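Hi,

Here is the structure I promised to pass on.

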Amino acid sequence: MRRTIFLATVVLTTTLLAISMYLGAQSAAEAPAAFDDQTNGTTSQSAMDTAAAVFSEIETPAKGLGPIYNATSCVECHQNMAVGGAAQTTVLRAGHGSRGEHARDNYLHDSKRRSDTNGSSTTFTAATAVLTDGETIPDRSLINQRAICADAQSHLSTAENISTPRLALSVFGDAFVEAVPDATLLALARQNGGEAIMVPVLESPNTSEVGRFGWKNQHASLFSFAGDAYFNEMGITNELFPDELTTTCEPAGVPHPNDVDHDLVNLTLFMRTTKVPPRGPITVQVNQGQAIFEAIGCANCHVSTLVTAPAGTTIHGGTYVVSAALGNMQFHPFGDFLLHDIGTGDGIQQNGPADTAYKIRTAPLWGLRTRTQLLHDGSAITLEQAIQKHTHEAASEAQKYNQLTPAQKQLLNVFLNSL
Ligand code: HEC
Ligand code: HEC
């Protein structure tokens, strides 16, 4: 009797939970989706166009570009389909370190959902960039591959035994990702064993939030990411990163910080006003493929739906309020924005603890059909190759994939190509 009541309670609770989650997702509107350079409603179209022009602006040494940098504008690495898309560009990360043997043992004995402490004996030290003129820039995992003069070109020494390319990411829909409550990501982490890391919000001292941007979840705020990218990819010092890495060959009269026009505001505004990547046609086969994707557990990490915080919610330590256009919206990233070790890790530690060196953020699969190279280092050129690289935390899902019939694999492929 007691058992019956218990079971009935469980069934009832589960049903209520399912209903409330259903209603939660139902009451949330669909985020606008298109590759059309049009605003998601956060700002007017003309404000978006102005912001897009700043995102596309080519910087010169006279305006502060470099002295060491990777490209002359954000669009050089973020343009495909429309301004903001993920281009084929890669950037170089490097350093030295070792992977703990202890961590390796644990993979052999327990490849599934390891705890965060297993990688604790892993060490990583960011590279020291050596400029042609002999100047050294220590503690730098991002290596600048261009310079405004030969004297400032960066080189690496043989001490750096870790290096990896990182593919550029799309910023489409990031406005919605930014507005997902920390609590949602923390709950997902408890559910699927992914790791959420707390990262500093640079524009709000003493504030940390769950990181969700970059292959390593290095930022939680798009303003922080814009400041980081402007400085590290283009060498434009700004309010968040005021100090030059080197002044070798810098033309006279360059203002410091370089960002005198506060372009950071427009760079961020542009990203906060983009729409999410649209889906391709959704056919019967696409839906059948999605059912297989869910049945074999891919969706444990490649989570289909997330919902943003209500409009008016204040985040980033009070510096940002979720707008009416972004609040209580559902979107479909097919990612959990958490770090996992699926055996592809590059050994580079950024904002997370040591154990994150071999973890990578689940690649959100939205916009998959717009990409040729896959995985953080572009090491896969087909879906099959990318899936076969899933081991460790994704070992059982990969195994289930390999047990599918050719017809089922084909349907899964059709689904992935609709993203
Ligand atoms: C030289 C190429 C390059 C340039 C220039 C560049 N980026 Fe990026 N961007 C990248 C790469 C590569 C990544 C992924 C980096 C990583 O996580 O290691 C990235 C990631 C991002 C992300 C994270 C997206 C996500 O969904 O996680 C944002 C936001 C971003 N860049 C904004 C900017 C802005 C704003 C500018 C201009 C100030 C800019 N980037 C300039 C290459 C570039
Ligand atoms: C334990 C979490 C996890 C599971 C389960 C998982 N993935 Fe992934 N997936 C990841 C991570 C993390 C990456 C990024 C790895 C990298 O870039 O090194 C990724 C990357 C991918 C990519 C490449 C996307 C891109 O843009 O580069 C594809 C495709 C993919 N996964 C498909 C699948 C499929 C299909 C399944 C089910 C068989 C699956 N994944 C199961 C975590 C997971």
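Below is what turned up when I went through it.

This is a predicted model, in which local features need pLDDT of at least 70, side-chain atom pairs count only at pLDDT 80 or more, and totals for chains, interfaces and linings use all residues. Residues are numbered from 1 along each chain as its sequence is written, chains are lettered from A and ligands numbered from 1 in the order in which they are written, and side-chain values use heavy atoms, with hydrogens and water left out.

The protein has 11 helices and 20 strands (DSSP runs numbered from the N terminus: helices are H or I with at least four residues, strands E with at least two). Of its 419 residues, 51% are buried (under 20% relative accessible area, 1.4 Å probe, protein chains only).

The iron atom of ligand 1 has a single protein donor, NE2 of His78, at 2.0 Å (donors are N, O and S atoms within 2.8 Å of the metal, or 3.2 Å for Na, K and Ca; water is not among the atoms, so sites may look incomplete). His78 lies in the loop between strand S2 (68–69) and strand S3 (79–80).

Thr274 sits in the loop between helix H7 (263–272) and helix H8 (284–295). Thr274 is buried, at 3% relative accessible area. Beyond its neighbours within four places in sequence, Thr274 contacts (heavy atoms within 4.5 Å) residues including Asn40, Met48 and Phe176.

Best wishes

Methods: Buried means under 20% relative accessible area, exposed over 50%, partly exposed in between (1.4 Å probe, protein chains only).
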